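Please look through the model below before reading on.

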Amino acid sequence: MPVIRLQNEKGNRNVYYEFDSDDQPLGEGGMGRVFRGRRVDVAHGMTRAVAIKMMFDDLPDHVIERARREASIRILNDNLVEMIDFVEVNERNAYGEVTATHYHVVSEFLDGLNLDEFLNGQTTNHDGSPNPTAQRLREEFSDNRPKFVGFVFRNILSGIIALHYKGFIHRDIDPSNIMVTSDGKIKLIDFGIAREVDTLAANERHLTNTGQFIGKSFYAAPELVLGDLAHQDYRTDIYALGIMLFQLMAGHLPFDGPMHEVCEKQLHDKLPLDEVADKTVRRIIAKATEKKQEKRYQTAAEMLADIDKWMMGKTSTTQNTPKHPKPIGKIIGIAAGVLLLAGLSVVLLTQQKDTISTEKPSVQTPAPQPVAASEPPKPVEPPKPIVVKTVAEAERLMMDRSTAPEGLAMLNDLVADQDFKAVFLKSRLLFDPSGNANDRQFYDDRWASMRSNSGLQTDNAEAHQLLMQAFGINENDYVMLYQLGCDFMSGKRGCARNAGYALWCFNKATEVLGVDNGEEAQRYKAEIKAKRDRLKNIAAVKPK
């Protein structure tokens, strides 16, 4: 079998990737083919399944740069696909000269199907195997649409909140870019046209021209349709979420037709909100899809709060939900005659109901007869709100003393699941920053509040062990690397002093920071440089 092995010439020489090019691709798009492969870490004897996008060789430079940027968006979150690496492989002639370069994007392998496929009736993964999550959601989709929509949307919004928190907008949110995985997760994928909100200028314009429409017209906000780069921000994603919420609830997209017609409708037409039965959801969709950005939800967290209120207020989860709905992919058009007939039927039924309810009875109603006492019917309990475990939710709970134990339990579950952000946060909750004034410079006072509310005691030894655990999960977070380097440089923060380990961490943090010139990055760069200068005669050694 033609197994292809990939390794960056200037990367970690202990790590390589491989896949069989004869295997059936997981998918194919305009940029390349995606194969299932594996990541091999020789130093630690570890392997993991990955998805490898083998990019076509004739792509223009700006497409390659987009792929490079996509691979650099490395955010560990249960509801976002994990980007792992960008691998460049050079072909050389007999003289060692580079004759061609092949590019690959590596991300986590997701065993599942996309939401678009699910909405069209599919419940099996791409390899044909059953997807238990999709099968469960299919039942909810048929029998309890609000519960289905609430679960899916809360997960999507959790991922969007994490993406926005890191300063990125997705710009291509639609069901085809949302995965339903066999292990119960809903994940937002494909950061191909994502960008940082605060870094437009020339750096962005050579990748996307002003006035050029990118994305999918069915979900595109007005500023995306116009190619107005200066005004594309977090609210651009919120518009797409509003369109998708309409689609999931109504069973079809609000606007249909050729691309140019749909774009015109996105700019000028109101959504047919009367096709959504639930009044609360209509209000959420209306606010999310306002043509003017300042009238939309300003953050995804605001939209999530309204989704939560809606879910908690549902006492009847089957009302207005068809028992056996048809798949709700991109349903194009409904016969006007059927709509007219349906509308006429509703009017006639409503008139008949009003007549019956107001007409006085023509005969005297007999007096009620005594009946045997019986137990009163048990009240119907509203469904419990769906709890999506995220580090952000755990933090929110721990900031309130009354809910801190619940938040700590959630955090511990995420730590057990090897969630990088959870492990790092737990290490900081246990860390005692009082030993050194410089420690306070990069210490978040919220950590002290969460620790106090949760009843935790500082323990630098355990904090260091958790930091090493976080390092084993993801060694490309500069904040974690800085803190770990300080541990080894001090020798008084839960571990023995090791200047070689410390220097390696500071060097790696500098590499990860790269050309980031944000205010926080500048503070870290200055402090890391000062520490590296003190260790300049030491040999750097990667921590074990």
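In which helix is the place of Glu 264? This is a predicted model, and in it Glu 264 lies in helix α8, which covers residues 259-268. Its relative accessibility is 43%; since buried means under 20% and exposed over 50%, Glu 264 therefore counts as partly exposed. Pro 222 is 42 residues away from Glu 264 in sequence, yet the two C-alpha atoms are 8.9 Å apart in space.

Helix α3 is next. Its twelve residues, 132-143, reach 17 Å from the first C-alpha to the last, close to the 16 Å expected at 1.5 Å a residue. The buried residues of α3 are Thr 133, Ala 134, Leu 137, Arg 138, Glu 140, Phe 141 and Ser 142.

On the α4 side, the contact is made by Pro 146, Lys 147, Val 149, Gly 150, Phe 153, Arg 154, Leu 157, Ile 160, Ile 161 and His 164. From α10 come Ala 300, Ala 301, Met 303, Leu 304, Ile 307, Asp 308, Trp 310 and Met 311. Sorted by class, the contact of α4 with α10 holds 13 nonpolar, two polar and three charged residues.

Methods: Residues are numbered from 1 along each chain as its sequence is written. This is a predicted model: local features need pLDDT of at least 70, side-chain atom pairs count only at pLDDT 80 or more; totals for chains, interfaces and linings use all residues. Side-chain values use heavy atoms; hydrogens and water are left out. Contact means heavy atoms within 4.5 Å. Helices (H or I, at least four residues) and strands (E, at least two) are DSSP runs, numbered from the N terminus. Ala, Val, Leu, Ile, Met, Phe, Trp, Tyr, Cys and Pro count as nonpolar, Asp, Glu, Lys and Arg as charged, and the others, Gly among them, as polar. Buried means under 20% relative accessible area, exposed over 50%, partly exposed in between (1.4 Å probe, protein chains only). The expected span of a helix is 1.5 Å times one less than its number of residues.
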